Amino acid sequence: MKMSAFAALLLALVMLASCALAAEYTFDPEHPYDGVMHGLFNNVAIAAGEDVGYATYYLPEGLQPWTPAVIVLTPDGTTAEAFAAGEIGEQWKAVAEENKIGLTFLAPASGSWNLSLNPDGADDGAIINELYFTMRSKSVALDAPFSMDKTHTVLVGYGEGGAAALLFGAEYATDFASIVAVDAAEVPADALAAIGEQYVIPFPADARDYAEEMQVVAKTVDTPVWFINAKTENALDYYLAAADARQTEANTYAETVYAAENEAVRIWVSSETKDAKTIWDAFAGQSKRFMGMEDGGRVAFVTDMTVSNFSFYEEDINGETRRWILYVPSSYDASTAVPVVMTIHGYTASMQSMVEESRWHEIAEKEGFIVVYPQGYVRDTPMMGNVPCSMWVGGIFASLVPELDPNVDVDFLNALLDRIETDYNVDASRVYVTGHSNGALMTYTLGTASTERFAAIAPIGYESAPGDFSSDALLPVWSLVGEYDSAATAALVEGNGTVTCLQGWNAHNGVNESAVTASEQQDGQFKTITFANEDGVPLLRYTEVLRTAHIYMPEEPQEIWYGFFSKYARGEDGTLYYEGEPVKASAYVSDAGWYEPAETEAE
């Protein structure tokens, strides 16, 4: 059986970790969610080719899984260490402490930023990009690894560093949720024009590949920018054009304000210098950049999880401190039973990130069902080569913690559903589960371990052939994979992990593989094939999402709920119902017509 790309990467990381020098840390099982690395780390070398820049990291105690981060670019002639120790650096460290975010300072490689893009000078943009990818690595081979929220990294620059933030932030626009330039020097017009014509990394925070295939031009990527006492003649025009923004009313912080069609893409211009806390609270902390349907990603405001519909829980379950978020719609009335959707995040991520990326709560509010976002337990997995990260014990990830009961997370998630059914009036016939990446593995694992509990499942971004099912009950599956997914293979080729997975579920559900139907959703970006039983009931769907990578995005829950979950229910005796009618089991009919034959080696 061929391994998925992610499984191969996982194995390689495990092998590499066996010979890597580990960062010194102590994992405290009594406080599993607190980051294990904290303090000040000076002179961290960041290399891009032959060019090397030096960064200072500041990681406050109590960092949580998937924390936002800020990169601060220093003025010319100022080291990262010196700037971090100065007044502005102390301001940012206070912000990091208050908000529990990661913080790095970066100085120009040659002492001054190469704003003219002199080919004989340092490639400062590449160094900034390398710093971003280093910060999100989590590898114990690094000086200061931590679990960074790759969707919420902000680029801030002061003086010439402000000009560098504007110039190189355009070059690597998909790395950053927003840019702030303070007291910035003017950005050379010819350098900015040259950067604007380049292709950017197409998928925010994902693989650096596919730039040529996707051809996302830098000057078309919209970005929130705050110019604070900065020279704006060239850069302002550039960012206004990229966002197609128009001037609107001033606000408390900026005398001149521009708004794009996407209201989260704000461009502010103010003449008075602002302190770090104001920059974070009013602007930098308010937006994220996710991968999505749009080339270059989508910018969105952070979700306000302080509203009463969201509830946060931390309790001891089966001997471990477990967390989850519950969203209860405004329409909930205890006299009426409502469905439940469980939504499971991926490796290293968080329950908050799944709220942000999926936006299931928006559908729940409209359609009147409960959503639960469980938090993966943070586990110390030396074989992975990372600092302790949140994860789910399912599929291949179970091998990372061989000392644990492989059902530890199955038991937790079932106990969590039991708890919700006790506390709320839940329609037990309409319980659904979906997840992304490692969370997709957990979705598949739940589907086999507790088959009769769910009316349908929707794993995204990972494929896993089923093991032993807990019963013969039919369980509809909708699997989605991005065209450029880094953890699963979208192509349907004989013997690969995707085909093997789908065949296993087709066999369990008794579909006729010789009668496959094709359809499209989302204006043709979703390419779907559907397998049905002898009565034409769809029991497995597989979708390749074009022009996307390893991501869970709001368009997928929209399709999953309205086109799939809402059509299925489970009777008390285990019978599956589709649009109110019982579904009869059929014999599995295998057919090779829906996938490509495996390539044979030349003799």
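**Close-up 1. Packing of helix H12 against helix H13 in the predicted model.** Helix H12 (residues 408-423) packs on helix H13 (residues 438-449) at an angle of about 80 degrees, and their axes lie 10 Å apart. Because angles of 65 to 115 degrees count as roughly perpendicular, H12 is described as roughly perpendicular to H13. From H12, the residues Asp-409, Val-410, Leu-413 and Asn-414 meet Met-442, Thr-445, Leu-446 and Ala-449 of H13. By residue class, this contact of H12 with H13 comprises five nonpolar, two polar and one charged.

**Close-up 2. The open sheet of 10 strands.** The strands follow the order S1-S2-S4-S3-S5-S6-S7-S10-S9-S8, with mixed pairing, and the edges are formed by strand S1 (39-48) and strand S8 (246-248), each of which pairs on one side only. On average, neighbouring strands of this sheet are turned by 20 degrees against each other, direction ignored.

**Close-up 3. Strands S5 and S6, with helix H8 on the sheet.** Strand S5 (residues 148-158) pairs with strand S6 (residues 178-182) in the parallel sense over five bridges, and Val-156 stands opposite Val-180 in S6. Helix H8 (residues 235-243) packs on the sheet, where it touches S6, strand S7 (225-228), strand S9 (256-259) and strand S10 (266-270), and the direction of H8 makes about 160 degrees with that of S10.

**Close-up 4. Phe-565 and the nonpolar cores.** The largest nonpolar core has 174 residues, and Phe-565 is among those with the most contacts inside it, together with Tyr-57, Leu-166, Phe-227 and Trp-360. Beyond its neighbours within four places in sequence, Phe-565 is in contact with residues including Val-341, Trp-360, Tyr-432, Ile-457 and Ile-560. A second, separate core of 29 residues includes Ile-101, Trp-226, Trp-268 and Ala-284.

Note on methods:
Residues numbered from 1 in each chain as written. Predicted model: local features only at pLDDT ≥ 70, side-chain atom pairs only at ≥ 80, totals over all residues. Heavy atoms only, no water. Core = buried A, V, L, I, M, F, W, Y, C linked by side-chain atoms within 4.5 Å. Buried < 20%, exposed > 50% of the residue type's maximum accessible area, 1.4 Å probe, protein only. Contact = heavy atoms within 4.5 Å. Pairing = 2+ DSSP bridges. Helix = DSSP H or I, 4+ residues; strand = E, 2+ residues; numbered from the N terminus. Axes fitted to C-alpha atoms, helices over the stretch in contact; angles between N-to-C directions. Parallel < 35°, antiparallel > 145°, perpendicular 65-115°, else oblique. Nonpolar A, V, L, I, M, F, W, Y, C, P; charged D, E, K, R; others polar.
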